[in-house]
Amino acid sequence: MPRSLSHSAPRRRPMFAALAALLAAPFVTGAASYSNTFDARVLAAHNAERAALGIPPLRWNPELVESAHAWGQYLATSGRFEHAPERRMDPEGENLWAGTRGYYSPEAMVDGWIREKRYFKPGAFPNNSTTGHVADVGHYTQVMWRDTVQVGCALSRGRDEDVLVCRYKNAGNYRGERPF
């Protein structure tokens, strides 16, 4: 069973939705080039959801990829599952996901965060959850945060799990601000 810090489990999207996202990637990605197909698919999954609400697309940032990769490697090799220490001078947003090694597609991984929208309600952060628990929507609000313009993600392989770390600039989830 996959996990994120909010412990929501992603569901698999229908095959046609995943194929549509992949085919639409060049039109909704907001980036000129990618280091590989994984990058393009993760970015497209983020931007498809943002486009559905009219939020500008994210651009891929290789420096955020490096940062995400370093933390993901630490998590995958240590077996830990926790956010990186906060960078006070240059904060980055961060979403974490982990699930059975080799089982989930990049779209399913990101969808685990996007599915949190079922608990989202408009308003100032952190009062955005119909459940009363910000952990039930915090990944979704970071994906959708209006002031976030860049993302970089990396997949690391542990013994039993894949670990996806995505880093965001500008960081989101600021107390008292509206996500979008």
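Start by selecting residues 62-78: this is helix α3, with 17 residues. From first C-alpha to last it reaches 24 Å, close to the 24 Å expected at 1.5 Å a residue (the expected span being 1.5 Å times one less than the number of residues). Helices here are DSSP runs of H or I with at least four residues, strands are runs of E with at least two, and both are numbered from the N terminus.

A word on what you're looking at: this is a predicted model, where local features need pLDDT of at least 70 and side-chain atom pairs count only at pLDDT 80 or more, while totals for chains, interfaces and linings use all residues. Residues are numbered from 1 along each chain as its sequence is written, and side-chain values use heavy atoms, with hydrogens and water left out.

Now show the side chains of α3. Which of them are buried? They are L64, V65, S67, A68, W71, G72, L75 and A76 (buried is under 20% relative accessible area, exposed over 50%, partly exposed in between, with a 1.4 Å probe and protein chains only). Look down the axis of α3: the buried residues fall within an arc of 165°, so they line one face of the helix. That arc is taken from the directions from the helix axis to the C-beta atoms.

Next, the ends of the helix. N61 caps the N-terminal end of α3, with a side-chain oxygen 2.7 Å from the backbone nitrogen of E63. Just after α3, G79 has a positive phi of about 80°.

What covers the buried residues of α3? The cover includes β1 (59-60), β2 (93-100), β3 and β4. Two strands count as paired if DSSP finds at least two bridges between them.

Walk across it. β1 and β3 are parallel over 2 bridges, and R59 sits opposite Q150 in β3. β3 and β4 run antiparallel over 8 bridges, and a hairpin of 3 residues joins them. Q150 also stands opposite K169 in β4. β2 and β4 are antiparallel over 8 bridges, with L96 opposite V165 in β4. Colour β4 by accessibility and you'll see that 8 of its 9 residues are buried.

Stay in the sheet and pick C153 and C166. They form a disulfide, with sulfur atoms 2.1 Å apart (the cut-off is a pair of cysteine sulfur atoms within 2.5 Å). C153 is in β3 (residues 150-157) and C166 in β4 (residues 161-169), so the link ties together parts 13 residues apart in sequence. The link is right-handed, at 110° about the S-S bond. C153 counts as buried at 1% relative accessibility, and C166 at 0%.

Last stop: H46 in helix α2 (residues 37-52). H46 is buried, with a relative accessible area of 0%. Leaving aside neighbours within four places in sequence, its contacts (heavy atoms within 4.5 Å) include both C153 and C166, along with W113. H46 and W113 are 67 residues apart in sequence but 9.6 Å apart in space, C-alpha to C-alpha.

How values were computed: Polar contact = N/O pair within 3.5 Å; in protein donor to acceptor, adjacent residues only side chain to side chain.
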